[in-house]
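The sequence and structure to which it refers are shown below.

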Amino acid sequence: MGYITSAALEETGYVVLDRYNQELDPKEWLDIEYNDWKSSGDTRFAPLASAFGEIECNGFWNHKPPRTDKDGVFIPSQVEKAPNLVRRAKEPGANIGRCRVIELQPTPYGECLYNLHQDDNNRLNPDGTGWVVRGFFNLSDDKDSFFVLRHNRTDPEGEVRIALPAGAQLIIDTQRLWHAATHNGDEPRYCLITSWESGPELDAYIEKYHGVNHVESVPISQEELDAGQAEQARRDAARAAYYAAKGQAEVQAMSEA
């Protein structure tokens with residue numbers, strides 16, 4: 001049968017919507033409660049909706065009963081502090097799973113490439129229902145920062161780099177695309193991330209805000225690209241060596257037991 005997907009994301013895996021006038025809203029993300037939850041960099045997360053309405057960030061499949069990333073429960077104490085962020089997350093009318101604000105510390109391009117990852121949005125998602133994608137609403141004004149999208153984690157061919165000023169709005173199939181943010185700046189970057197179920201409601205929302213699936217990439221020099229690739233390879237090799245040494249140590253310990 002397959003899943004219900006959005007045609008707008010079929011070609012490239014992402015759409016960029018009209019920019020939101022973020023200056024009109026208060027900085028609600030500074031008032032909500034954060035967890036020291038690590039994901040692709042030096043991060044904290046402030047959940048607005050979670051599996052059971054508690055301030056925690058775990059995947060819905062790690063709870064009892066386990067389920068896919070849908071039917072999130074909004075957290076009253078967070079909603080009270082951030083009604084505008086909740087309004088924006090709910091505007092499409094699509095089913096919402098996890099909804100949270102990420103706080104990301106400065107992250108150079110090479111570190112971003114090392115952090116590239118795919119999300120596990122559709123674990124336990126029943127066949128014939130809507131495919132879960134994610135919305136990213138940039139909250140802080142990070143004019144020198146950009147989101148990196150790749151089809152292959154270690155191959156820069158076709159890499160897309162999307163600018164992240166305040167009000168930038170993206171919807172991405174993050175289970176399909178490798179993604180992470182390069183954050184150039186001295187202050188943390190803040191972004192509202194919402195899991196949405198694909199379907200007619202999300203399609204209408206994308207159309208309403210003139211979603212486009214091709215944008216001009218933020219330019220970087222060949223020197224920066226090469227240095228980033230080298231840093232990714234260096235970190236990957238260091239990680240592989242660490243786990244290889246750890247595995248050998250565990251085998252040695254077992255043989256001596």
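A polar atom of the side chain of S50 lies 3.2 Å from the backbone nitrogen of G53. A polar contact here is a pair of N or O atoms within 3.5 Å; within protein, one must be able to donate a hydrogen and the other to accept it, and residues adjacent in sequence count only if both atoms are side-chain atoms. The model is a predicted one, in which local features need pLDDT of at least 70 and side-chain atom pairs count only at pLDDT 80 or more, while totals for chains, interfaces and linings use all residues. Residues are numbered from 1 along each chain as its sequence is written, and side-chain values use heavy atoms, with hydrogens and water left out.

S50 belongs to strand β2, residues 43-50. Apart from neighbours within four places in sequence, S50 is in contact (heavy atoms within 4.5 Å) with E56, F60, G72, V73 and I75.

A cavity is a set of points on a 1 Å grid over the protein atoms alone where a 1.4 Å probe fits but cannot get out; a pocket is an open set with protein on both sides within 12 Å along at least five of seven lines, and lining residues have an atom within 4 Å of a point. The count is 1 cavity of 30 Å³ or more. Strand β2 gives the largest share of the lining, 3 residues, and β4 (96-104) is also among the elements that supply at least two.

| Space | Volume | Lining by class |
|---|---|---|
| Largest cavity | about 50 Å³ | 5 nonpolar, 2 polar, 3 charged residues |
| Second largest pocket | about 270 Å³ | 7 nonpolar, 3 polar, 6 charged residues |

Of the 16 residues lining the second largest pocket, K27, L139, S140, D141 and A166 lie nearest its centre.

Helix α4 (residues 200-208) has L202, Y205 and I206 as its buried residues. These residues lie on the same side of α4 because they cover an arc of only 100° around the axis. P200 and E207 are exposed on the other side of α4. The cover over the buried residues of α4 includes β1 (14-16), β5 (132-138), β8 (169-172) and β10 (189-197). After α4 comes H210, with a positive phi near 55°.

How values were computed: Helices (H or I, at least four residues) and strands (E, at least two) are DSSP runs, numbered from the N terminus. Buried means under 20% relative accessible area, exposed over 50%, partly exposed in between (1.4 Å probe, protein chains only). The arc is that of the directions from the helix axis to the C-beta atoms. Grid points are joined across faces, edges and corners, and a volume is the space filled by probe spheres set on the points. Ala, Val, Leu, Ile, Met, Phe, Trp, Tyr, Cys and Pro count as nonpolar, Asp, Glu, Lys and Arg as charged, and the others, Gly among them, as polar.
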